[in-house]
Amino acid sequence: MGKTLSDKEFNKLIQKHIDKNNYVKIYLSEENPDQSIYGFILKMSDELIMVQEFSDFRLTDIKIIPQERILSIRCNKYDKTIRKILSEEQLIQFNHKIISNTSLTNSENLFKSLQKQNFHCIVESNKKKRGFSIGEIMEVDDTSVIIRNYDPTGKIDKKPHKISFKKIEMVTFNDNYTLTFRKHLKE
């Protein structure tokens with residue numbers, strides 16, 4: 001299934017989906033075709049795309065995905081039917097303030113913009129020891145982000161997680177988990 005379009009053609013395709021507000025399925029893995037995201041592409045840069053995820057007939061979290069991770073994007077008759085139903089039910093309502101205040105110019109600016117908006121986030125990475133970190137953005141520099149990670153009991157790790165931008169596979173924010181769980185953290 002791999003990517004068959006040139007970077008220029010691929011960017012054009014992404015922009016078309018943004019302009020038409022298409023509901024799409026984004027494939028992320030050849031090994032696991034089920035690893036995909038359903039939703040609306042909100043904006044893009046040369047490196048990143050922002051997707052408003054959709055599940056169970058409601059908009060859920062926002063995901064930032066490096067473009068290099070995307071294998072393909074589907075928008076077929078099934079997706080168009082879902083889009084039509086969502087539109088008729090008036091369920092497509094994006095938060096334009098979040099969209100405009102989130103920078104996609106590069107990873108450093110992305111995390112600084114999320115930190116400024118006071119979002120906790122989930123950072124999925126290709127680290128061998130731990131595949132994700134969840135929590136508050138503590139520091140950002142030009143090569144990495146430091147996350148004040150918390151576990152499923154609400155306990156904050158003693159040592160924050162430093163994650164290299166090169167290892168990031170996806171960033172999730174404005175999701176019910178972090179918006180709710182952050183209110184119940186324990187030092």
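Is E136 buried, partly exposed or exposed? E136 counts as partly exposed, because its relative accessibility is 27%. The cut-offs: buried is under 20% relative accessible area, exposed is over 50%, and partly exposed lies in between, with a 1.4 Å probe and protein chains only.

Ground rules next. This is a predicted model, where local features need pLDDT of at least 70 and side-chain atom pairs count only at pLDDT 80 or more, while totals for chains, interfaces and linings use all residues. Residues are numbered from 1 along each chain as its sequence is written, and side-chain values use heavy atoms, leaving out hydrogens and water.

Back to E136. E136 belongs to strand β7, residues 132-140. Setting aside residues up to four places away in sequence, E136 touches H120, I146, I147, R148 and Y150. Contact means heavy atoms within 4.5 Å. Take H120: 16 residues from E136 along the chain, yet the two C-alpha atoms are 4.5 Å apart.

Now β8 and β9. Strand β8 covers residues 144-149 and runs antiparallel to β9, with four bridges joining them. Two strands pair if DSSP finds at least two bridges between them. Strand β9, residues 161-164, has two faces: H161 and I163 on the covered one, K162 and S164 on the uncovered one.

On to helix α2, residues 77-88. Why does its length check out? Its 12 residues at 1.5 Å a residue should span 16 Å, and the end C-alpha atoms are 16 Å apart, so the two agree. The expected span is 1.5 Å times one less than the number of residues. At the start of α2, a side-chain oxygen of N76 comes within 2.9 Å of the backbone nitrogen of Y78. Just after α2, Q90 has a positive phi of about 55°.

Finally, the whole chain. It has five helices and 10 strands. The C-alpha trace spans about 50 × 35 × 30 Å along its principal axes. Of the 187 residues, 44% count as buried.

How values were computed:
A polar contact is a pair of N or O atoms within 3.5 Å; within protein, one must be able to donate a hydrogen and the other to accept it, and residues adjacent in sequence count only if both atoms are side-chain atoms.
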